[in-house]
Structures are given as C-alpha cells and as structure tokens.
Amino acid sequence: MKRAVWLLIILPLCVRGQDAPKLQVSGYVKDMVTWTINSDDPDFIDNLVHNRLNFHWYPSESLTGKLELRNRLLFGDLATEFYPLYADFIDVNNDYFDLSWTPIDERGVLLHTMIDRFFLRYNKNNWEVTAGRQRINWGKNLAWNPNDIFNAYSFFDFDYEERPGSDAIRIKRFTGYASEFEFAFNIAGSLREITTALRYQMNTGLYDIQFFGGVMKNNLTVGTGWAGNLGNAGFKGELTYFEPLEEGYGVSQLLASVSVDYSFPNSIYLNGGFLYNSDGEKSPPSILDPGAINSNLDVRELSPYVMSTFIQASYQITPLMSGGLATIFYPSDQALFLNPFVTYSLKENLDFDLTGQLFFAENEEGEYTSAGSAIFTRIKWSF
Amino acid sequence: MRLLLAGLLITMIHGLHAQDPTEIIKKADEKMQGKSNQGTMTMQIVRPKWTREITMKTWSLGTEFSLVLITAPARDKGTGTLKRERELWSWQPSIDRVIKMPPSMMMQSWMGSDFTNDDLVNQSSVVVDYTHELSGDTIIAGYDTWKITLYPKEEAAVVWGKLESYISKEDYYQLLTKFYDEDGYLVNTMTMSDIREVGGRVIPTRLEMVPAENPDQKTVIIYGDFEFDIDLEEKFFSVQNLKTIR
C-alpha cells in the first residue's frame with residue numbers, strides 16, 4: 001500500500017516533466033505532528049502525512065475539469081486509543097456521493113483518501129455552469145460565514161485549507177464586473193435534505209452586496225451579505241435567517257456576523273469579528289465538540305454560543321516569516337480560544353509552521369482552567 | 001533669413017515645450033505603461049542570505065484598472081488580484097473564493113517585497129497625483145538627464161513626501177527615482193537598467209528597488225514579454241476574468 005502512496009506522489013512529477021499544456025498537476029506533501037496535551041491523562045503524539053493532488057484539465061477555452069484529492073496517512077496515539085472509532089471521525093467530509101476510501105484501517109494506522117473536488121465547468125460569454133463536487137463559497141467574513149449555507153467550514157480545522165466541497169449543480173450569469181446571478185442546487189437523497197438557493201450580487205458605492213433565498217435542509221432561508229469599506233478599513237457582514245418547514249427540522253434561527261479589517265503600512269494586519277446566533281446558549285457544555293472541530297459543519301452550528309467574538313493580529317516579521325495570534329472569546333461564560341501561529345519559508349516551495357490551539361473555560365468546580373490544548377508543527381512542500 | 005528665424009523660433013518653442021516637467025514625466029510614464037499593456041514579469045526579493053522569486057502575468061489599462069495573476073511559485077500559483085479604481089479583490093482558487101480587500105491593503109508590502117501593492121497596481125499616478133518641478137540636470141549611467149522633483153497634491157492618497165526622478169533627455173528613460181517620506185528622509189531608491197526592445201518599444205527592462213535603511217537588500221523586477229497599447233476595455237477587468245484567466 002505504501003508503494004501505491006508513493007506512486008501517487010511521484011506520478012504527477014512525471015506528468016509535469018512532459019509539460020502537457022492541457023493538463024496541469026499540482027499539489028503538496030505535508031507532514032504534521034500533533035501534540036495533544038491532556039491535563040489528566042498522558043499526552044498524545046500523532047503524525048499525519050498528507051498528500052494533495054490537483055488535476056486541472058483545460059480541453060478548450062471554455063471548458064475546465066478539476067479533480068482534486070487528499071491522501072492522509074495518520075498514525076500515533078489517537079489512531080491507537082480510539083480504534084476502531086477513529087476512522088469514522090476522520091471520514092466526515094462526504095456529501096451525497098461517497099468519494100472516500102480507507103485502504104488501511106488498523107489499530108494505530110489509518111490511510112484515508114478522499115476526492116473533494118470533481119467537477120466540469122463551462123464558461124462562455126457571461127455564463128458559467130459547474131456540475132460535480134465543488135466548493136460553493138458565499139461567505140464574506142474571515143472567521144464566521146453564516147452565508148455559507150452549502151458548505152460551512154470550521155475555523156478550528158486549520159489543516160484543511162481547501163475546505164470541503166458539495167455535490168451540486170451551479171449556474172451563474174455575470175451581469176457586470178462584480179455583479180452576478182447564481183442558482184445552486186445541492187444533490188440530496190430526499191426532498192428534505194436538499195439545499196438550493198438563488199443569489200444576486202451587485203456592486204454599488206464600493207460595496208459588494210448579495211441577497212439570497214432558498215431552502216436548506218427543510219428550512220426556508222433568506223440572507224444578505226456585504227463586503228465594502230469604512231474609510232480605509234474593510235467592512236463585511238453576513239445575515240442568514242432559517243425557518244423550519246416542518247417540526248423536528250430545527251427552530252427559527254438568525255445568524256449574523258460582522259467584521260472589520262485593517263492593514264497597516266508596516267504590514268500588521270488586524271481583523272475583528274462578531275457572531276450572533278439566536279439559537280445559541282450562554283454556557284454550552286463544550287466548545288470542543290468533535291463536530292465543530294472537524295469541518296463537516298451545518299452552518300447553523302458555527303458556534304454553540306449566542307455571542308462569539310474574534311480578533312486576529314498578524315505580522316510579516318520578515319519576507320520569510322510571519323506570525324500572529326487569533327483569539328475567540330465567548331463573553332457569556334468567558335470561554336477563550338487562543339490560536340498563535342508562526343510560518344517560515346525554509347526554501348522556495350518548502351514551508352514550516354507552528355500552530356497552537358489552546359482552550360480555556362470554567363470547569364464543573366467553577367475553576368477557570370485549560371479545557372484542552374494541542375500544538376501542531378507542519379512542514380509543507382508544494383509542487 | 002526669415003525662414004532661418006522661423007526655424008530658430010520653432011526650435012526654441014519646441015525646446016521650451018519639451019522642458020515642461022509635467023510633459024517630461026508624462027512622456028516617460030507613457031513610454032513604460034502605454035495606454036494599456038499586458039505581459040509577464042519576474043520579481044526577485046534579494047537578501048544577503050537568500051532569494052525568493054515570484055513570476056506573474058499582468059494586464060493594465062491606465063492607472064485605474066489592473067489584473068495580476070501569479071504563475072509561480074507553486075504555493076501561490078493561480079492566485080490573482082483585480083483592481084478597479086479604488087476597489088481591490090483577491091482570488092483564492094483553492095477555496096473558490098473572491099475576497100474583497102480593505103483599501104488600506106494598498107499600502108502594504110506586496111508579498112514581502114520592497115514594493116507596496118500600490119506600486120504594483122499603479123494606484124497612484126506620477127502624472128495626476130503630483131506637481132512637477134524641474135530642478136536641474138545631470139548625467140546618469142552615461143545619459144544626459146533632467147532632474148524632476150515631484151510633490152504629491154494635497155488630495156492625493158499617496159504615501160510619499162516627495163520623489164526625485166531622473167529622466168534621460170533624448171529617450172525619456174526614467175533611470176533613477178528616489179522616494180522620500182513626509183519628513184524628507186530617503187526611503188527607497190529605484191534604478192532602471194537593461195534597456196532593450198520589448199513589444200516594439202525600447203525601454204529599461206530591469207527595475208531595482210533598494211531601501212535606504214538596508215542597502216544590502218533589494219527587490220528586482222524583470223520585464224519579460226510585453227505588449228503595449230493593446231485592445232483592452234474596462235469590462236475586461238472583471239471578477240469573472242479574475243477567476244478564469246490563465
């Protein structure tokens with residue numbers, strides 16, 4: 001099996017060497033070591049070898065085909081301790097079609113392969129039609145995207161930079177340089193699971209503004225979002241409202257997020273955001289819900305809290321090194337998430353980064369304490 | 001005799017006209033930009049111990065419209081930037097998302113280089129946003145040049161206090177430009193060299209920006225293939241093209 005993995009890594013290099021102009025292959029190989037710090041139990045050390053392959057096919061001016069997949073080889077303490085449940089925890093980002101495989105599922109070792117983009121796109125004049133597994137990205141903000149009704153993502157799942165896709169058909173008509181009509185339909189097994197919506201985006205007075213309406217998993221949904229500026233600062237927002245069509249399919253719910261970002265000439269970048277969730281709680285049992293960390297989110301589960309706040313500061317220390325700190329704070333019970341990060345370019349196309357995810361909250365005895373932490377080191381080679 | 005006088009007069013008028021500093025800057029700028037252009041360029045960030053290289057394709061129309069597509073390194077390949085007047089969008093193909101950038105991003109360094117986004121997408125215009133003053137002449141790299149001082153107009157959104165530009169008298173090559181901050185301190189020195197034919201024009205094709213604080217580091221831009229005054233309309237600079245252009 002390992003031989004097969006190597007073949008998947010080596011093969012594209014050969015294709016690239018021949019430089020077929022209509023087919024482009026790119027991707028990366030990453031190695032990530034995760035150190036999970038457990039306060040009572042011994043710590044866990046896990047390793048993840050992660051290979052991404054992007055096959056982009058351009059048969060004509062107007063037609064594009066994309067097939068992208070990720071191969072992940074996981075081994076270590078989590079893969080040992082949580083066997084055989086671990087495979088289910090990893091195999092989560094499918095949509096209607098099951099495009100994932102687990103060639104190795106043993107105590108301590110897991111190999112998981114998943115196709116997360118697989119579509120054909122036709123682009124001519126002002127039209128764009130896309131069919132297949134694709135990412136439908138309607139969000140405007142950095143941290144929380146209530147407008148992402150098709151495929152929401154979790155801010156905690158930082159290692160999945162491409163984010164999951166949806167099995168969908170999408171038709172777009174561009175009506176101006178930054179305005180468009182869009183219809184998207186997410187394939188589902190039953191009427192109640194369908195997500196489909198119409199979206200209109202326009203550009204006016206230096207603002208991109210969008211409106212959409214449709215059905216998401218048996219809920220009527222309407223929303224609006226914008227991206228513009230206040231002076232020299234960026235100003236973005238998203239509002240989405242859900243109304244269940246039948247009992248047992250959620251409750252009436254409003255999600256709203258706003259953010260402001262600013263970039264200083266010395267390359268300090270600040271982003272501040274806020275999320276309101278009408279169906280949230282003041283003190284939910286845990287923010288460490290596996291569902292919330294692994295990005296297989298329903299957009300209504302972006303945060304279990306009524307109010308969530310986000311602040312990120314990042315700084316380009318040298319052209320090779322940047323660092324920063326993202327903070328999520330939940331004011332109702334003072335739970336806190338700290339996310340420091342540093343990235344360093346070792347060579348052209350070879351990057352190293354170090355990331356921390358530290359959670360703090362009150363425990364059952366009322367003490368404010370660490371609620372789980374992990375440190376990640378990654379090395380990434382892009383090709 | 002009359003003819004000779006007339007001829008002399010015409011030469012004098014012509015000479016005076018050519019020495020109008022705004023005209024000189026306009027001609028030098030037009031020479032490098034054209035009304036529109038498209039081409040490829042390589043940017044090298046050079047430091048004493050390492051070098052990084054970025055290659056890109058660019059399209060631009062005047063100073064208001066531009067599109068930049070990164071073609072290397074592999075990590076950033078396919079990402080793009082669209083600028084229309086004061087608006088800026090960034091394209092992230094890996095997540096199929098167009099991100100609207102805050103206007104303040106213009107002042108930030110372009111991918112860690114000694115250039116700002118503003119320099120790269122020509123947000124400010126040396127012709128429109130500055131007043132021009134002829135302040136001498138000298139010889140640079142063997143060329144007889146005018147020295148022109150540029151002061152930003154009050155309403156212009158420009159980060160510099162003043163610029164000093166040295167332009168060759170014969171061919172309007174912008175050979176040397178010094179960038180000063182608002183307190184009059186030298187910040188960057190830009191030299192242009194490697195004069196050769198590109199897209200039917202003879203122009204400097206190598207541009208070096210050296211920060212005054214760190215003279216052992218620099219950013220180099222090398223122009224590859226270029227075409228000038230091509231048929232590009234405003235509507236070319238759209239989000240749709242940002243996402244599909246290759």
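This is a predicted model: local features need pLDDT of at least 70, side-chain atom pairs count only at pLDDT 80 or more; totals for chains, interfaces and linings use all residues.
Residues are numbered from 1 along each chain as its sequence is written, while chains are lettered from A and ligands numbered from 1 in the order in which they are written.

**Confidence**
- In chain A, pLDDT stays under 50 over residues 1–20. The model has 18 contacts beyond four places in sequence for that stretch, a contact being two residues whose C-beta atoms, placed from the backbone, lie within 7 Å.
- For chain B the mean pLDDT is 87, with 88% of residues at 70 or more. Residues 10–17 of chain B fall below 50, and this stretch has one contact beyond near neighbours in sequence.
- The scores of the model are ipTM 0.88 and pTM 0.87.

**Inside chain B**
- Chain B has four helices and 13 strands; these are DSSP runs numbered from the N terminus, with helices (H or I) of at least four residues and strands (E) of at least two.
- Of the 246 residues in chain B, 35% are buried. A residue is buried if 20 or more other C-beta atoms lie within 10 Å of its own, exposed if 12 or fewer, and partly exposed in between, with C-beta atoms placed from the backbone.
- Gly62(B) sits in the loop between strand E2 (50–61) and strand E3 (65–72) of chain B. Gly62(B) counts as partly exposed because it has 15 C-beta neighbours inside 10 Å.

**Where the chains meet**
- In chain B, 31 residues are in contact with 30 residues of chain A.
- Strand E6 (97–100) and helix H4 (239–244) of chain B each supply at least two residues of the side that touches chain A. The largest share, three residues, comes from H4(B).

**Nonpolar cores**
- The largest nonpolar core has 46 residues; such a core is a set of buried Ala, Val, Leu, Ile, Met, Phe, Trp, Tyr and Cys residues joined through C-beta atoms within 7 Å. Trp89(B) and Val239(B) are among those with the most contacts inside it.
- Beyond its neighbours within four places in sequence, Val239(B) is in contact with Tyr177(A), Ala178(A), Leu82(B), Trp89(B) and Val98(B).
- A second, separate core of 28 residues includes Trp144(A), Phe155(A), Val299(A) and Ala335(A).

Note on methods: pLDDT is the predictor's confidence in each residue, from 0 to 100.
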